[in-house]
Amino acid sequence: MIKLSYFEAFHAVMRTGSMTAAASVLHTSQPNVSRSISRLEKETGLTLFERMPGKLLPTADGRALFEEVQRSFIGLQRLTESAGRIRRSGSGILRLGAVQTLSLSIVPRAVKRFTDRYPEVKLSIQTAHSSQLSRWVSEHTCDVAIISSLGVEENIESESLYAADGVCIMHASHRLAEKDVVSPQDLADERFITFPRGDPPRVLMDRILLDANVDLTQTIETSYSAITCSLVMQGVGVAVVNPHIVRDYLHGGVVARQFIPAPPHNAIMIFPKAKPRGRQVESFVDILKEIVVEEKADIVALFGKPKN
């Protein structure tokens, strides 16, 4: 049986040009290298070198075999490098999912930090509604997703990332910007930008308005918080939104005020059930939690103490 050590000796001799130099590279003795070459020739039936006084010349068969061995050693080196990458940051590709609000706020910040720490890891990022993301996670299409509400999927595990009170946003020139706290009654005569009917945030907000006996006649509906914030930036209307997304728009003339009673905005991490999360997923989750802790401090300073 041909041993790998025979090929290692042959490879070293071909690269260095002598058995003595090869022995030094392999940290062994010259007789050991010589025996390995002789056994390789015997096992393969090939004459690999012409032995001349003071010289060791590879034969045509020796050169041909070296090309094959070289390719194999390059492949082995790549496998070794791959093992190193797996040891440092995990294997394969990290497949992320997030609802739109989070994919435009906390997720990019987490991805930036993650790629800085683990530049070799490939990422795939998908955006969809909570129900679709839950389905993808249960089917193992996503390794981790961040959603706003749990559905009925059974093959997922969940963990709360944060719960935050919604805040009222308006242009800095708007009359409500003079208030420290905005109430449902303050919205009565305003153009209100909100989610489409049936969306969970819209349901919660409608319940607050109903309890306050406030009927809004001027509304604009959009599923995307980024559009909501952009419309507010243009002075089109006011809105009650997730405080984590507002942070990116405060530079554009948008201001935020506490809204009481505030609708809750949740971020829930979900994972395939009974599947090991792996080093990449755990690292990304740790980064998400780091950022939430940092941003909560900002939110407390800007909008008051959140619920959680």
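Q: What makes Glu190 count as buried?
A: Glu190 has 11% relative accessibility, and buried means under 20% relative accessible area (exposed is over 50%, partly exposed is in between, with a 1.4 Å probe and protein chains only). Glu190 is therefore buried. Please keep in mind that this is a predicted model, in which local features need pLDDT of at least 70, side-chain atom pairs count only at pLDDT 80 or more, and totals for chains, interfaces and linings use all residues. Residues are numbered from 1 along each chain as its sequence is written, and side-chain values use heavy atoms, with hydrogens and water left out.

Q: How do you know that Arg175 forms a salt bridge with Glu190?
A: A salt bridge needs a side-chain nitrogen of Lys or Arg within 4 Å of a carboxyl oxygen of Asp or Glu. The closest N and O atoms of Arg175 and Glu190 are 2.8 Å apart, so the pair qualifies. Arg175 sits in the loop between β7 (167–171) and β8 (181–182), and Glu190 in the loop between β8 and β9 (192–194), so parts 15 residues apart in sequence are tied together. Arg175, with a relative accessible area of 45%, is partly exposed.

Q: What makes Arg113 and Glu290 a salt bridge?
A: Their closest N and O atoms are 3.3 Å apart. Arg113 belongs to helix α6 (residues 106–117) and Glu290 to helix α11 (residues 278–303), so this pair ties together parts that are 177 residues apart in sequence. Helices here are DSSP runs (H or I, at least four residues) and strands likewise (E, at least two), numbered from the N terminus. Arg113, Arg117, Glu290 and Glu294 are linked in a network of salt bridges, and the whole structure holds 16 salt bridges.

Q: Why does Arg113 count as partly exposed?
A: Arg113 has 25% relative accessibility, which puts it in the partly exposed class.

Q: Why are α1 and α3 called roughly perpendicular?
A: Helix α1 (residues 4–16) and helix α3 (residues 30–44) pack at about 110°, with axes 8 Å apart. The axes are lines fitted to C-alpha atoms, for helices over the stretch in contact, and angles run from 0 to 180 degrees between N-to-C directions. Angles of 65 to 115 degrees count as roughly perpendicular (under 35 is roughly parallel, over 145 roughly antiparallel, the rest oblique). The two helices are therefore roughly perpendicular to each other.

Q: Which residues in α1 and α3 meet?
A: Ser5, Tyr6, Phe7, Ala9, Phe10 and Val13 in α1 meet Val33, Ser36, Ile37, Arg39 and Leu40 in α3, contact being heavy atoms within 4.5 Å.

Q: What makes Asn213 exposed?
A: Asn213 has a relative accessible area of 71%, so it belongs to the exposed class. This residue lies in the loop between α8 (200–211) and β10 (219–221), and its phi is positive, about 60°, although it is not a glycine.

Q: How do you know that Ala274 is exposed?
A: The relative accessible area of Ala274 is 73%, which means it is exposed. Ala274 is found in the loop between β13 and α11, and its phi is also positive, near 60°, in a residue other than glycine.

Q: Why is Val121 called buried?
A: With a relative accessible area of 9%, Val121 is buried. Val121 lies in the loop between α6 and β4 (122–127).
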